[in-house]
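Please study the sequence and the three-dimensional structure shown below. The paragraphs that follow lead through its helix contacts, its sheets and its aromatic rings.

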Amino acid sequence: MTTYWCERAWLPDGIAEAVLLVVRDGRITSVTSGAPKSGTVLAGLTLPGFANGHSHAFHRALRGRTHHERGTFWTWRERMYSLAARLDPDRYYRLARGVYAEMVLGGYTSVGEFHYLHHAPGGHPYASPNAMGDALRQAARDAGIRLTLLDTCYLAGGIGVAPDEVQQRFSDGSAEKWASRVASLAEDELFRVGGAIHSVRAVPADDLSTVNQAVSGERPLHVHLSEQRAENEQCEAAYGWTPTGLLKEHGVLGERLVAVHATHLTDQDVKWLGEARSAACFCPTTERDLGDGIGPARQLLDAGVRLGVGSDSNAVVDAFEETRALELDDRLASEERGRFTADELLAAGTDHASVGWPEVGRLAVGAGADLVTVALDSVRTAGIEPSGVVFAAGAADVRHVVVAGRDVVREGAHVLLERPETVLAEEIEALWQF
């Protein structure tokens, strides 16, 4: 049993003072407000751990390296493909370990890894078919973060286009072979397995239902949806549907579906997603970085779509930055302030259900013991109202992180991995010299 005394804590019914949390076997067993100090003292404001709903860990090596000649989404993608061709299980493990450590330091306690880098160059399976996924599992374990491997089906280089040389690494050849490989992945305490349709460009319409049915009903199914206008145009030209409509036509829309980006949606798309009680994962810092556009976050929430956020390309890894960007980007699109309440933003930032951890994301009896404590006396947070952390705080203000009842960050330092910044610098530089 472990006890944490929180100077302030954001409970389901609001922020309370002097809150004692008792943790046993990775779960919160008692929550008491107005309690005397005992156990580990957490100064500042303690929040539920944040959920990173969408990550491509290897994209972290692109940070600060894709802006030559101004850059476009497509020139960025070519550099990304070049990077993907350099990775093997050992290199991927070393890089991802640093990336996941950065995530915990930035306030995340779970991550959904949208994983499509499956095979060796040329599409040849490794001796262990899930060697790349196992590398991510080990990296997350060593970094102390919950991982849901959203193993991704990727069969085509575009609608009606065969995978190119790099994309052959992503493809299992058929949806059935993809499903067979994924079925051999075993879950453990901090590792779960979901699935993903890369996009309607990369999975032919006739295979959509196969992918959907292959993923356990208890686990999430993610899809890149309408990230670029060109995707919509190609889908409508080929199938006569928007990407959302195509998913609906093939029975994929549902409560466990998470639409990643959901940027260029029609009003009918929003209605269909809301009726299905699906979720949407926005990745604001990546969507800015790639010039994708601003998705209809408020409209989706009002339609009944649950919102979450993700770091995607990891151009920025900061749970607070992604969360407040829902509000700030929606202000730009609507030319109005006050688009979301602080509680709505926190709910989006802590939506672990979308990555398969529905028991996590609240400071309540029975919930998974994931805690993030933020300093309220830094140069960024000094003088704010406690609920203002979602607008004022950043990754540098995270002082203490607990994942499943285990301390992973203390006094702003990662306790499981020494100097993650050095790990990242060494591995990224080695990749680009390879």
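The axes of helix 2 and helix 14 (residues 420–433) come within 9 Å of each other and cross at roughly 145°. Here an axis is a line fitted to C-alpha atoms, for helices over the stretch in contact, and angles run from 0 to 180 degrees between N-to-C directions. Helices (H or I, at least four residues) and strands (E, at least two) are DSSP runs, numbered from the N terminus. The model is predicted, so local features need pLDDT of at least 70 and side-chain atom pairs count only at pLDDT 80 or more, while totals for chains, interfaces and linings use all residues. Residues are numbered from 1 along each chain as its sequence is written, and side-chain values use heavy atoms, with hydrogens and water left out.

Helix 2 and helix 14 cross in a left-handed manner; a crossing is left-handed if the near helix is turned anticlockwise from the far one by less than a right angle, and right-handed if clockwise. Residues of helix 2 that take part include Arg 91, Arg 94, Leu 95 and Glu 102, and they meet a group in helix 14 with Val 423, Glu 427 and Leu 431 among its members. Contact means heavy atoms within 4.5 Å. The residues of this contact comprise nine nonpolar, one polar and five charged. In this division Ala, Val, Leu, Ile, Met, Phe, Trp, Tyr, Cys and Pro count as nonpolar, Asp, Glu, Lys and Arg as charged, and the others, Gly among them, as polar.

Helix 2 (residues 89–105) also packs against helix 3 (residues 131–143), at an angle of about 35° and with the axes 8 Å apart. This crossing of helix 2 and helix 3 is right-handed. Among the residues that meet are Tyr 92, Ala 96 and Tyr 100 in helix 2 and Met 132, Leu 136 and Ala 139 in helix 3. The contact of helix 2 with helix 3 has 14 nonpolar, one polar and two charged residues.

Attention now turns to the sheets. Strands of a sheet pair through backbone hydrogen bonds, either parallel or antiparallel. Strand 5 is joined to strand 6 (residues 108–115) by four bridges, and the two run parallel. Ser 55 has Glu 113 in strand 6 as its bridge partner.

Another open sheet has eight strands in the order 3-2-1-4-13-14-15-16, and its pairing is mixed. Its edges are strand 3 (27–32) and strand 16 (413–414); each has a single partner strand, so one side of each is left without a neighbour in the sheet. Five bridges connect strand 1 (residues 2–11) with strand 4 (residues 40–48) in parallel, and Cys 6 is partnered by Leu 42 in strand 4. Strand 4 pairs with strand 13 in the antiparallel sense over four bridges, where Leu 47 stands opposite Val 372 of strand 13. Strand 13 (residues 371–374) is in turn joined by four bridges to strand 14 (residues 398–403), and these run antiparallel. Val 372 has Val 401 in strand 14 as its bridge partner.

Finally, the charged end of Arg 79 sits over the ring of Trp 432, 4.4 Å from its centre. The criterion is that NZ of Lys or CZ of Arg is within 6 Å of the ring centre and within 35 degrees of the ring normal. Arg 146 likewise lies over the face of Trp 357, at 5.0 Å from the ring centre.

Terms used
Pairing = 2+ DSSP bridges.
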